[in-house]
Every structure is written in structure tokens, then in C-alpha cells.
Amino acid sequence: METDRADLIIRNGTVVTASDTFRANVAIVGDKITAMGQEPDWDADQTLDATGLLILPGGIDPHVHLQYPQGPNRIVSSDDWFTGTLAAACGGTTTVIDFVEAGPDQTWMQAYAQRLAEAEAQSVIDLGFHMAFNRADTQSLAEVPSVIEAGMSSFKIYMAYQGIRLTDAEMLLALESLKEHGGLPIVHAENHDVIAHLVQQCLAAGRRQPRWHPSTHPAVAEAEATGRALTLAEVVGIPMHIVHVSAEEGLMVIDGFRQRGQVVTGEVCPQHLLLTDTLYEQAGFEPAQYVMAPPLRGEADTEALWRGLQHGQLNFVVTDHCPFTLAQKRGERRTPGGTVAATPETPWSDGVPPFNQIPGGAPGIETRLPLLYHFGVNQGRLSLNQFVSVTSTAAARLFGLYPSKGTIAPGSDADLVLFDPHQEVTISADTLHHNCDYTPFEGWQVTGWPRFVLSRGEIIVGDGQFVGSRGRGNYLSRAC
Ligand SMILES: [Zn+2]
């Protein structure tokens with residue numbers, strides 16, 4: 001123990017990491033943890049009493065979409081970099097990784113510069129980016145080394161969605177390039193043609209309501225694409241990460257490839273662990289709240305995903321936070337930021353968009369830790385250490401942030417959550433901090449909520465109140 005003087009000491013808490021649980025005081029100097037132990041007489045400018053609280057590594061959410069212009073209509077997700085990261089912080093997340101998705105008239109590096117400027121001006125927590133590998137032309141392939149050099153060593157590949165998806169032939173080129181330069185592919189695995197075919201079939205039959213959305217994204221089309229992605233990875237000889245695994249069939253495919261020796265990791269979202277497709281049976285436009293891809297699945301899938309998380313077949317939990325207000329879901333073209341999206345190509349006969357034009361996604365950035373704690377730890381599905389692993393450590397390791405992020409140790413960034421395991425909260429859009437007028441978990445009661453949150457040694461949430469400042473977040477250059 002070197003330090004006998006610190007800027008801040010957290011006393012009397014229980015430190016939880018992915019491997020250990022122990023009583024310790026934590027000393028912080030500047031933005032780093034400098035010492036941990038039982039020293040009673042360390043001197044500090046400031047003391048936080050963590051009696052009865054768990055001290056966790058700050059949450060890492062490596063899959064969010066803030067201020068994201070989605071789809072051909074470029075409807076912008078309703079949380080900007082300020083509101084979205086503020087909500088993240090209040091929910092115990094101190095690092096997010098978002099995406100750079102270049103428009104057709106931008107190079108990848110131009111898109112990165114623009115995204116970085118937006119984020120750095122507003123983010124209240126540290127952030128990184130994945131680059132969307134949204135085309136495989138000569139120009140883009142030539143940019144791969146610069147992108148990695150700029151700290152984006154993970155690349156998102158979409159197998160579905162016009163305009164951003166890669167064909168198998170393009171994906172092979174992308175994977176070869178990532179192998180050569182040391183990038184990690186992270187893949188949205190759904191069969192593009194199956195979705196397009198089923199959507200056209202639905203619309204032709206006059207099935208326009210949001211309840212039809214899940215029928216156009218069957219689990220088998222996710223499993224097929226997962227297997228195809230992993231086949232291409234095996235052919236090229238490169239590790240691969242599969243984003244938002246939603247169904248048992250996809251999980252089984254991942255497991256099969258892992259047993260063949262393929263290096264593959266997978267992530268899962270709280271909505272796929274906790275909600276099921278019966279929500280689409282509600283009348284009218286209600287199910288629009290759950291229009292997301294992949295969609296909610298059945299009860300058996302949720303159980304399989306929990307088992308996958310318990311047994312390490314799935315490595316961590318992300319939110320895929322991509323909020324749209326109910327007005328946006330209903331076709332409002334103005335975003336909360338004031339931008340007006342293009343008018344739809346085909347007018348809507350009944351005043352609301354058909355399900356395939358409803359912006360896809362749901363909010364969740366603030367509720368990830370409390371939901372995982374309540375339904376994971378309190379209900380006996382996850383140990384405390386597994387909870388830390390799946391909300392922080394495992395993502396830090398995969399995405400090149402460990403050990404400055406994702407653990408509690410001398411030398412690590414002082415990104416910490418003082419979590420009250422007894423605080424009872426009823427989740428409601430009224431009290432969450434995100435800029436969205438609904439939460440899929442409205443009225444749900446959970447026990448366990450972050451009380452204090454520190455980012456690089458600075459208290460940014462104190463007694464549940466946000467006390468940080470706009471733009472204090474740093475860009476994290478990562479090497480996977
Ligand atoms: Zn996503």
C-alpha cells in the first residue's frame with residue numbers, strides 16, 4: 001500500500017470484481033485507483049461512506065445507438081450524446097461503445113471525425129466506437145488500417161438491411177482485411193432475403209400493423225445467418241463476435257462452432273432475457289414499442305439465454321439502446337433535436353407507418369444493471385461475480401479496455417458504482433433520465449440501484465442525482 005494520502009477514499013464497502021468479493025477501502029488519486037485495503041488512517045480530502053453498499057467496476061455497455069440516423073429515412077434516435085450518457089451514468093454505466101456509420105458521401109474516417117466531435121462535446125462518460133463495415137469497396141478496404149490506428153479495432157458487419165449490409169462475397173473481403181490488420185468482426189446475423197421476402201408477403205396481404213413485425217424475423221433466419229457468419233469466419237480463420245443473440249437456435253449454432261474450435265463470443269440484451277413475444281399480441285399500435293431486430297422471442301428462448309449467460313456461452317449483456325419516442329414510432333418526422341427526416345416514399349394509407357417503416361429499437365441504457373442485478377443475482381441466476389463479469393469485465397476484455405476499465409485494482413481508472421443492493425425502485429419512464437416517453441419495463445419493481453457513480457475519480461452521480469457535466473467524457477482509443 002503506497003498511498004497514505006488520497007483525493008478520495010471510499011470506506012466500508014464491499015468490493016466486487018469478476019473473480020472476488022471482499023471488504024476494502026478504495027483510495028483514489030486523480031482519475032485512478034491507487035490503493036485498496038483496510039488501512040484505517042489514510043488521509044483524504046474527501047470520504048465516501050459505502051457502508052452496506054457494493055463497490056462495482058463501472059458498467060460497460062458496448063452496444064448503444066445515440067443520436068443515430070436510422071434507415072433510409074434517417075430518423076434520429078431520441079437520446080443525444082448528453083441525455084443518453086447521462087441516463088447511462090444514472091444506471092451505473094461509465095463507458096459506452098457506439099458506432100460510426102458513414103453516409104454514402106463520407107469516407108469512414110470523415111464519419112469518425114464527425115461522430116467524435118458530436119460525442120466529445122456532449123458525453124458525460126467515456127466512450128468508444130465500433131466502425132460499421134457498411135461497404136467493401138476498394139476505398140473503404142484501404143481505410144481499415146487508419147480506422148484501427150484511430151482506436152476502432154472492432155467492426156460491425158450487418159448481414160441484413162439495405163444500404164448497410166454486406167453480401168457473403170463482400171463479407172469474405174471484409175474478414176480477410178480484418179484478419180490482415182488485426183480487427184475484430186462483430187456481426188448482426190439475420191438472413192436479409194428471408195426478412196425482405198416475408199415483409200413483402202405481409203404487406204401484400206394487407207398486414208401492416210406492428211404485431212406482424214416478429215413474423216418477418218423468424219429465429220431460424222437468425223440461426224442460419226449466425227451459422228453462415230461463423231462459417232465465413234472459420235474459412236478465413238478469424239475470431240468473431242455475434243451481437244444481440246435472441247433465440248435458443250442461434251445460441252446452439254454458436255455453441256456448435258465453439259466446439260469445433262472457432263473463437264466466438266456472443267452478447268445478449270435485457271429485453272431478450274426478460275420480455276417475450278406475447279407483447280406483440282396487444283391491440284393497435286402498442287406493439288410498436290417492441291419493434292426491434294431481432295424481435296422478442298418465446299419463453300423457452302429467454303430461459304435458454306439465461307442458461308447461456310450462466311454457463312459462459314454468452315459473454316456479456318448489452319442494451320442495444322436505440323430509443324425512439326412513441327411519436328417517432330408513429331411516424332413523426334421531426335426528431336427531438338429538431339431535424340426533419342425525409343418524407344416516406346410511399347404515403348401511409350392509415351396515417352401510421354407500416355411495421356417495416358417503424359424505426360426499430362427500444363430504450364434500456366439506464367436499466368441494464370438494476371434489471372440484471374434483480375433478475376440475475378436476487379433471483380439466483382447469476383453470482384455477484386458473474387453479474388460484474390457480464391455487465392463490465394468481459395466486455396472490457398473483448399474490446400481492449402481491460403484493465404484500465406472493467407475491474408477494481410490499483411492502476412485502474414476510478415470508474416466505480418456504489419450499488420445499494422436493498423434500494424427498491426419501481427421503473428418508470430417518468431423517473432428515468434433517457435429522452436424517451438416509454439420504457440419496456442414500465443411498472444417493474446426491482447431491488448438494487450446505483451447510489452453513487454464515479455467516472456475517472458469524479459463523482460458524477462451522488463445519492464441518485466446526476467452531478468457531472470456535459471462533455472467531460474473522453475474518447476477511448478481501443479485495441480482489441
Ligand atoms: Zn444495435
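When I speak of a helix here, I mean a DSSP run of H or I that is at least four residues long, with numbering from the N terminus. In that sense H192 sits in helix α5, which covers residues 192-204, and please keep in mind that this is a predicted model.

Let me stay with H192 for a moment. Leaving aside residues up to four places away in sequence, H192 touches M159, A160 and R165. H217 is 25 residues apart from H192 along the chain, and their C-alpha atoms are separated by 9.4 Å.

Now to the backbone, where most peptide bonds are trans and most residues other than glycine have a negative phi. The bond from A293 to P294 is cis, with omega near -5°, and P294 belongs to the loop between α8 (270-274) and α9 (299-310). Y402 and P403 are also joined by a cis peptide bond, with omega about 5°, and P403 falls in the loop between α12 (384-398) and β16 (416-426).

As for phi, N12 is not a glycine, yet its phi is positive, at about 70°; N12 is part of strand β1, residues 5-16, and is partly exposed because it has 15 C-beta neighbours inside 10 Å. R456, likewise not a glycine, has a positive phi of about 45° and is placed in the loop between β17 (445-455) and β18 (458-462). Is R456 buried or exposed? With 22 C-beta neighbours inside 10 Å, R456 counts as buried.

How values were computed. Residues numbered from 1 in each chain as written. Predicted model: local features only at pLDDT ≥ 70, side-chain atom pairs only at ≥ 80, totals over all residues. Helix = DSSP H or I, 4+ residues; strand = E, 2+ residues; numbered from the N terminus. Contact = placed C-beta atoms within 7 Å. Buried ≥ 20, exposed ≤ 12 C-beta atoms within 10 Å, placed from the backbone.
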